[in-house]
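Colleague: Please take a close look at one part of this chain, the loops between its helices. Begin with the chain as a whole, then go through the loops one by one.

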Amino acid sequence: DNLFCKSSAAMGDLYGLRNALYLGNYQQAVSEAMSLGASTERDFFMYRALIEQGQHRVVMDEVGAQAPVALQAVKMLASYLSGVSKEAVVAQLKEWLTDATAQDNWQLILVAATVFLHERDHKEALKISHQSTQIDVMALVVQIYLQMDRPDLARKLVKSMQEQYDDDTLTKLSHA
């Protein structure tokens, strides 16, 4: 329960950063991140913005071997999208997902599902993400359903997102 509250509070602090990222204002997201105190969540969103700008190498160089799994996962995404050892990235993500704590790490789930989506492996992407109630993951699941030509399931999930996160930018984008 405390973990959820802490996570919600952290998301509140990251509101401007998340919105900039999801609205495609990647440079603004990076600038916003730099104005915030260091945290895994801040770095996760900042590195995703850098990846969207094509700055894969920066992310791969900055995330060290001792970084939390959430940041290691985003480093794997940068590596995958840069075309470096895609098979190794998929294998590493699958290994991390076998850990008992993997289901508690929404960032890992989001990155792994994103990679599986790029691999056109909708089944694997859904297997790890469909039960998540974390807004970022839910929005990705909507995307997966739409790619699978299942607008009925996408609509059902968007309705659930509206009930839980009505004012969130991702809910509004998913509804559109």
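Modeller: The model is predicted. The chain exposes about 9400 Å², and carbon and sulfur atoms supply 50% of that area. Of its 176 residues, 46% count as buried. The secondary structure comes to 12 helices and zero strands. Among contacts between residues at least 6 apart in sequence, 48% join residues at least 24 apart.

Now the loops, in sequence order. The loop between α6 (69–81) and α7 holds serine 85. Serine 85 is not a glycine, yet has a positive phi of about 40°. Its relative accessibility is 37%, so serine 85 counts as partly exposed.

Alanine 102 sits in the loop between α7 (86–97) and α8 (106–118). This residue is buried, because its relative accessible area of 3% falls under the 20% cut-off. Leaving aside residues up to four places away in sequence, alanine 102 touches Trp96, Leu97, Leu108 and Ile109.

The loop between α10 (135–147) and α11 (151–165) contains aspartate 149. Aspartate 149 also has a positive phi, of about 60°, without being a glycine. With a relative accessible area of 63%, aspartate 149 is exposed.

How values were computed. Residues numbered from 1 in each chain as written. Predicted model: local features only at pLDDT ≥ 70, side-chain atom pairs only at ≥ 80, totals over all residues. Heavy atoms only, no water. Helix = DSSP H or I, 4+ residues; strand = E, 2+ residues; numbered from the N terminus. Buried < 20%, exposed > 50% of the residue type's maximum accessible area, 1.4 Å probe, protein only. Contact = heavy atoms within 4.5 Å. Areas by Shrake-Rupley, 256 points an atom, 1.4 Å probe, with all protein chains shown as cover.
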